[in-house]
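User: Please take a close look at how the parts of this protein sit against each other. I would like one connected account.

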Amino acid sequence: MTVTLPMCSVNFMDTTLSVEEQAIADRIQELKEQLGDDLLILGHHYQRDSIVMHADFLGDSFMLSQKAAESDAKYIVFCGVHFMAESADILTSDDQSVVLPNLRAGCSMADMATLAEVEVAWQELLDQSGLSDPISREHPEDVAGEGEAYLVPVTYMNSSADLKDFVGRHGGVVCTSSNAEGVLNWAFERAGPKGAVLFFPDQHLGRNTGLAMGISEDRMPTWTPGFGAMGSLDDARIVLWHGFCSVHKRFTPQQIAEFREQHPDGIVVVHPECPKETVELADAYGSTQYIRNFVNEQPAGASIAIGTEINMVARLAQEHPDKHIECLDEEICPCSTMYMIHPAYLMDVLERLVDGEIPNQIVVPEAVQAGSLLALNRMLAILK
Ligand code: SF4
């Protein structure tokens, strides 16, 4: 037997639940009411519907961190993955607590760059390229002077707090998939015309953004820990860490060709974490928010294939019944770590909050708070 939930705070669709799921959903609503203004629930676009229906805000990692920063709620329950909850903790005050319903919800891409690996790579790159470390200056974030050439670190939001701290201390900055070009321009000014950027952990976002900015591929070598640079470091403009997203790397040119065969007037939009061959063949590409806006703008009757996480694609299809929307990958592609946030975990942490406990709290160590905040605030300043 199934029942249908009433409309919720993120009011976009009905969700059909089993009796057991309904009981959990009802209990979550009761607990939310008990916690009142003390509680803020944030839901990432890649979360399942039975989580999103409880979220006060639905968004991408950057937007949700901003919502956390603007909120004065005592408890911020982040239905996303670990690095997002860390960013929320960095941007909120000491008397606010950030809670991740399942501590195992990490990000395989973020895990592809550890602080130890980046520190080794950093030194090797400085030695091999002859570039200077911005930390050698009084103000590492200063624009490069004439004749100066620096290596400037840029990390994608999808990285651990200790890497954001590394970046902040070395005069670098954080980026998201919606602002990578503006951030890279900022970093190039700091690096100088002969300098370079080390971009991590996602090679595809770095490469796709660099190509869009007119940087040729031979000036973007890939760096793999233990192997070093694939390609020449001479004249390199962006050194790309070897990481990737296991969800977005599944989208291929072959899938685009098959979709176009079935839908000759169809449109393809993909995320910039996809490989460059896929991005080049797509009609459009951009961040999660860009994809949402792009779909909104298409006329009724349009056929659209989307290369991103399946929960978001399925939700867009339900929001736009007048359009044909499908996932570019027929095998479908959920993010397995996002999927670790089950409603039962959400219910459990809310129960414990009501009981006066703070379960699964994400606390970024004080030693890495300052540098991380610097790197995040530099990004926010660029956006203004
Ligand atoms: S979709 Fe990819 S980048 Fe995003 S959380 Fe999942 S593994 Fe990480």
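Analyst: The C-alpha centres of domain 1 and domain 2 lie 33 Å apart. This is a predicted model, in which local features need pLDDT of at least 70 and side-chain atom pairs count only at pLDDT 80 or more, while totals for chains, interfaces and linings use all residues. Residues are numbered from 1 along each chain as its sequence is written. The domain assignment gives domain 1 as 2-106 + 338-364, domain 2 as 110-245 and domain 3 as 248-327; such bounds come from an automatic or database assignment.

Eight residues of domain 1 and nine residues of domain 2 make the contact, where contact requires C-beta atoms, placed from the backbone, within 7 Å. On the side of domain 1 that touches domain 2, helix 3 (61-70) and helix 4 (82-91) are the elements that give two or more residues. Helices here are DSSP runs (H or I, at least four residues), numbered from the N terminus. Helix 4 provides the largest share of that side, four residues. By class, this side of domain 1 has four nonpolar, three polar and one charged residues. Ala, Val, Leu, Ile, Met, Phe, Trp, Tyr, Cys and Pro count as nonpolar, Asp, Glu, Lys and Arg as charged, and the others, Gly among them, as polar.

Another contact joins two helices. The axes of helix 7 (residues 180-191) and helix 8 (residues 203-212) come within 10 Å and cross at roughly 75 degrees; axes are lines fitted to C-alpha atoms over the stretch in contact, with angles from 0 to 180 degrees between N-to-C directions. Helix 7 and helix 8 are therefore roughly perpendicular (65 to 115 degrees). Ala180, Glu181 and Leu184 of helix 7 meet Leu205, Thr209 and Ala212 of helix 8. Four of these contact residues are nonpolar, one is polar and one is charged.

Terms used: Angles under 35 degrees count as roughly parallel, over 145 as roughly antiparallel, 65 to 115 as roughly perpendicular and the rest as oblique. Two residues are in contact if their C-beta atoms, placed from the backbone, lie within 7 Å.
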